[in-house]
Amino acid sequence: MTTDHTDVAEGQGGCSHRTADLNDLATRAVARLCAERMAAVADQVLVPAQEVLGDPCAAAMAFALCDEDDLAASVLVDELLEAGLSVEDLCLDHLAPAARRLGDLWDRNRLPFTDVALATARIQTLLRRLPMGRATPACTHAKGAVFAAVPGEQHTLGVMMAADLFRRNGWDVGLLVGLTHDELIDRIARDDRPVIGLSCSGTHSYAALRRLVGALAAMRPDAHLLLSGQVALDQAKVADLPAQVAVVADLSAAEAEMKRIGALLSAPRARHGQRRSGSAA
């Protein structure tokens, strides 16, 4: 009986500490959001508060990821999972928007690179400890992909989360980040996975993207090229690439496109199997 009462008391204490942690996190997040709003006003950027502050859930997660408290983001993620949120929804609706927000703040010189690097490391840690859920199906060649950040690209949170999500959904995904052009070409030349997903956030790495797309088209003409990141929203730049790519604006679009490619690659093999079975009969 004593042991049971001790367990209950510990559980209640943990809940109390969790609530206090979340309240403290919310207070710090609101303070930083207000500071950002005031900075925008000081710069005479007269736009609506919602446009400056963005989605509150993404803002809270973004600031938790670069908060001085190492456990802030972990506490927030645990609360979301305990509330019944799936790992996929956590990534799509919370971590991915937070990553985009951090990248935007960095681009606008509202956030130092050290905070973005810290957030990147924390997301990697969170992804490694997220529950796998149901067993993933065995990977096939039709569900193979290589995800790569173009040379010089430093906005890599999105591509890392995409790799993790697709692995959880049964895809065999290789992740290449922080490599030079020659290193990427060398690695992909030795890889026969049929999908190559490239991440490029903007004009600063567009030249590297053009060079890489041209090299991949010549080396792997059979591969399906996908492009994500901010540059994918620029139709003129996409049209100027030396080879055709499928543009995916977000993880949902990437999932739909990869399902389409997977079905396309599996269809000939299925038909071949049916022909062999018919011949044997």
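A cavity is a set of grid points where a 1.4 Å probe fits but cannot get out. By this rule, the predicted model has one cavity of 30 Å³ or more.

**Figure 1. The largest cavity and its lining.** The volume of the largest cavity is about 50 Å³. Its lining consists of Glu88, Leu92, Leu165, Phe166, Asn169, Leu251, Ser252 and Glu255. Sorted by class, these lining residues are four nonpolar, two polar and two charged. Three helices, α5 (87-107), α7 (157-168) and α11 (251-280), each give at least two residues to the lining. Helix α11 has the largest share, with three residues. Rolling a probe the size of a water molecule over the atoms shows where empty space is left.

**Figure 2. The largest pocket.** The largest pocket holds about 760 Å³ of space. It is lined by 36 residues, and those closest to its centre are Arg100, Gly158, Val159, Ser228 and Gly229. Helices α5, α7 and α11 and strands β3 (195-199) and β4 (224-228) each supply at least two lining residues. Helix α5 provides the largest share of the pocket lining, eight residues. By class, the pocket lining has 21 nonpolar, eleven polar and four charged residues.

**Figure 3. Helix α3 and its buried residues.** Helix α3 covers residues 56-65 and is mostly covered, with seven of its ten residues buried. The buried residues of α3 are Ala58, Ala59, Met61, Ala62, Phe63, Ala64 and Leu65. An α-helix has 3.6 residues a turn, so residues three or four places apart point the same way.

Figure 4. Side chains of opposite charge can pair when their charged atoms come close. The structure holds eleven salt bridges, and the one shown here joins Arg193 to Asp191. The closest N and O atoms of Arg193 and Asp191 are 2.6 Å apart. Are these two residues, Arg193 and Asp191, buried or exposed? Both Arg193 and Asp191 are buried. A network of salt bridges links Asp172, Asp191 and Arg193.

**Figure 5. A salt bridge between Arg210 and Asp240.** The side chains of Arg210 and Asp240 form a salt bridge, at 3.4 Å from N to O. Arg210 belongs to helix α9, whereas Asp240 sits in the loop between α10 (235-239) and β5 (246-247), so the pair ties together parts that are 30 residues apart in sequence. Arg210 has a relative accessibility of 30% and therefore counts as partly exposed. Asp240 has a relative accessibility of 44%, so Asp240 also counts as partly exposed.

**Figure 6. A salt bridge between Asp234 and Lys237.** The side chains of Asp234 and Lys237 meet in a salt bridge of 3.4 Å, N to O. With a relative accessible area of 29%, Asp234 is partly exposed. Lys237 is partly exposed as well, with a relative accessible area of 22%.

**Figure 7. Confidence along the chain.** The mean pLDDT of the protein is 77, and 72% of its residues reach 70 or more. Where is confidence lowest, and where is it highest? The lowest value is in helix α1 (residues 2-42), with a mean of 49, and the highest is in helix α9 (residues 206-219), at 96. Over residues 1-14 the pLDDT is below 50, and this stretch has zero contacts in the model beyond near neighbours in sequence. Residues 270-281 have pLDDT under 50, and for them the model has zero contacts beyond four places in sequence.

Note on methods: Residues are numbered from 1 along each chain as its sequence is written. This is a predicted model: local features need pLDDT of at least 70, side-chain atom pairs count only at pLDDT 80 or more; totals for chains, interfaces and linings use all residues. Side-chain values use heavy atoms; hydrogens and water are left out. Buried means under 20% relative accessible area, exposed over 50%, partly exposed in between (1.4 Å probe, protein chains only). Helices (H or I, at least four residues) and strands (E, at least two) are DSSP runs, numbered from the N terminus. pLDDT is the predictor's confidence in each residue, from 0 to 100. Contact means heavy atoms within 4.5 Å. On a 1 Å grid over the protein atoms alone, a cavity is a set of points where a 1.4 Å probe fits but cannot get out, and a pocket is an open set with protein on both sides within 12 Å along at least five of seven lines; lining residues have an atom within 4 Å of a point. Grid points are joined across faces, edges and corners, and a volume is the space filled by probe spheres set on the points. Ala, Val, Leu, Ile, Met, Phe, Trp, Tyr, Cys and Pro count as nonpolar, Asp, Glu, Lys and Arg as charged, and the others, Gly among them, as polar. A salt bridge is a side-chain nitrogen of Lys or Arg within 4 Å of a carboxyl oxygen of Asp or Glu.
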